[in-house]
Amino acid sequence: MPSQDGSLKAITANRLRDGVVVFLGPDWNAGGEVATAWVESFADAALFPAAEAETALAAAKPRAERAQFGVDIYAFDVETENGVPTPVKMRERIRALGPSVRLDLGKQAAA
Amino acid sequence: MPLIENGRIGEDAWSFAPDGEPVPNDRPVIISFERWQAERASFDGRNAKLGVRLKSGTLAGAIAPDLDRFALVAVEFAKFRDGRGFSTARELRERYGYTGEIRAVGHVIPDQYQFLVRTGFTSVEAPEDTNPESWANALTEITVAFQPSLDETDPLSLLRRKLKVG
Amino acid sequence: MNHIAPGARAGIYHYDEIDRRFVGERVEQFRKQVERRLAGELTEEEFKPIRLMNGLYLQLHAYMLRIAVPYGVMTSVQLRKLASIGRRYDRGYGHFTTRQNLQYNWIKLEDTPAILHELAEVDMHALQTSGNCVRNVTTDQFVGAAADEVVDGRVYAEILRQWTTLHPEFTYLPRKFKIAISGASSDRAAVRVHDVGLLAKRNAAGEAGFTFYVGGGLGRSPFIGKLVREWVAEEDFVAYLEAILRVYNQYGRRDNIYKARIKILVHELGLEKFKAEVEEEFARLRGPKYRLDPEIVAGIRAHFAPPPFEDLPTRSDALERAKAENPAFANWVAVNVAEHRQPGYAIATISLKPAGGIPGDATCDQMDLIADLAERHSFGELRVSHVQNIVLAHVKQDELFALWTELDAAGLGTANAGLIGDIIACPGLDYCALANARSIPLAQALSARFADPIRQRAIGELGIKISGCINACGHHHIAAIGILGVDKKGTEFYQITVGGDPTLTAAIGDILGPAVTETEAVDAVEAIVEVYLANRTDQDERFIDTLKRVGHAPFKERIYAAD
């Protein structure tokens, strides 16, 4: 369960073949194919306490790169607002949702 | 490391003698430009061929006065993105009239091979696990050039078009 | 009447078999490069410069593909293809950029070879729209039509396009390299803020030559280009540029990406030393190999022959009648229509800046309509301007009303060219991986605030330009009112500059005071406008002239006094 102190992180990448934003999912370490480790919706993303995020990133990043699955892989800060996890930075909010000026496009449109 | 010449893996007659290690007298050897500067007198009277390796920041002008001592100039690419070597080779050929072998060493990729040839390189030291097919393709996939250059291809370009007509 | 293919009269360089073969080979080359990347033979580090040189960026939501529109000119057929690609591979729209190109925002890497193949069908490509190479050469959007033109910049922009295409020596430069050409007495191409800015002119004998400015640029360290040579004869045009690029390639910094542009080299080396290095190379390069033969120039110039204009009276009665009957049309003519050198014709700007809209965006339906209108009214040709609008350069004055009527019905009839609503904005944090703050929402709020066409005309010529980060794609440094988005601990703030000037009297704007929030920024701009209106001597005193006369104090006082 996400803690309430705001020091959570999620791990993200862009999928190599289409550029789509993906997040490391809850089954990331289950040993399946690389693609199953990642999810497209931020709501499904795994959340890590800061210390664990580093370990997870160090393990998941080379796997995704070796499989030619993802690029630009990094961790970002997440806070919980009224119990709902939200990226801290505007940049990550926009990546998780879509352009703020085109609500008909991006992940927000599918939601 | 495989040596690429004319689009194929070729025999490499040269070896590199790292600074501080002895330089064999009986076969072609490449030394660093720094070593040449420090120990040049020790190469007086050498019969076997000598080559010099320039770091990517060392420009053609630095070696120009001594070019007649070298049968090979190796131009280093620290990163393939660092394109100074293209100008170095071109200056060696066009400005200083160098006719020996110019070899690209360091980090270069097959996608740069045609540019290397067109700026005056004759050979490339490729990484161990390189795909020879990619080097071979690199010379044939683009058949049109838009500038005059040093290679033997037949560019049907703006400037070359004129040369052919005239 | 013989059938003439649409676009055959357009003022572009028309491809021959060799050009088509080349672009086709490049598409196949990139197809293989994508395969090698997906197979892992190329690392991301190695693939990135290769995809960039094919116009492909990785942005926040997907890949972005930037299509080259050489010197901003294209045919109706090409625009229809862009619309069709936008529907099939993107989300039904495109974004016209300050570099006179078009960008798609939702591209898949695996679709890119197919897209490039479709572009090649209409003689288009995405080559060198990014990467550390010589980029698309830009010029005056009124080229070939403007009344004040001395030399046709397209001819030399095309020569440069060819000469820099896959240049073997200059494709891995320290950093990107942008060239702009202006051949008219007013500079509409912002030549002094480019790596190389060229003023094409004629000497007393009527021969073409060039004044070279080098080392201009915006970004983190803005510089105005310095005069490097007053006159370079046409035949030395290529040799002199080759000399500049060789000096830059050898001496430009590669240790720090923020200091790698030629402006830093010129600054650190000093102008005199830089000139001496260039002159030394030039003296050697000058000769038969690099000489630009007049025959070559004539051959290229033939592509840009004027379209078959009709002999028309200077004054159009139909136009005058329509203006008298329709004030909204009359306003559009006064603002968006410029003088043509051919009697009876006019240059019409189609604004992509509707009030509250996203600057530079056009839907694929709008693109199709503009293509139709270009065919009916402008010889099948259109231009993209560096202020992100579309220009129909050769419209009969008699037909302006018909043109406007259709534009207006499609939401493209906004009368704000050059006015405060004609805002330049980069994509900002809504799309761009480099941005620190959003640009578009502020542009939308400002254009909505100043939507009233009467108020806009009363304010007069006043440009607002917005960038979402210090890379300055929105050209904020050279705006009358420039706005730079910054990130302060996760919140977007906006820094306001005033007094920038993109023309030959180029100037970098000065920061007015501390950065403000988005809402405050809209109010601050309105306050600046009010202070200007209160202080200007008369309607003809432009904002930047009033600013020069009264200084920053009254503006600062008004915005920051309440703090």
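In the predicted model, 47 residues of chain C are in contact with 37 residues of chain B, contact being defined as heavy atoms within 4.5 Å. The model is a prediction in which local features require pLDDT of at least 70 and side-chain atom pairs count only at pLDDT 80 or more, whereas totals for chains, interfaces and linings use all residues; side-chain values use heavy atoms, with hydrogens and water left out. Residues are numbered from 1 along each chain as its sequence is written, and chains are lettered from A and ligands numbered from 1 in the order in which they are written.

Between them, chain C and chain B bury about 4,100 Å², of which 56% lies on carbon and sulfur atoms; buried area is the accessible area (1.4 Å probe) that two parts lose on being put together, summed over both. C:Pro168, C:Tyr172 and C:Lys289 account for 18% of the area that chain C buries against chain B, more than any other three residues. The interface of chain C and chain B holds 13 salt bridges, each a side-chain nitrogen of Lys or Arg within 4 Å of a carboxyl oxygen of Asp or Glu. A salt bridge joins the side chains of B:Arg95 and C:Glu280 (2.4 Å, N to O).

Towards chain A, 28 residues of chain C are in contact with 22 residues of chain A. The area buried between chain C and chain A is about 2,200 Å², 61% of it on carbon and sulfur atoms. On the chain C side, C:Leu58, C:Leu60 and C:His61 lose the most area to chain A, together 23% of what that side buries. The count between chain C and chain A is one salt bridge; the side chains of C:Glu110 and A:Arg17 meet in a salt bridge at 3.4 Å, N to O.

The second largest pocket has a volume of about 1,200 Å³. A pocket is here an open set of points on a 1 Å grid over the protein atoms alone, where a 1.4 Å probe fits, with protein on both sides within 12 Å along at least five of seven lines; lining residues have an atom within 4 Å of a point. Grid points are joined across faces, edges and corners, and the volume is the space filled by probe spheres set on them. The lining of this pocket comprises 40 residues, with C:Ala417, C:Gly418, C:Leu419, C:Asp422 and C:Glu461 nearest its centre.
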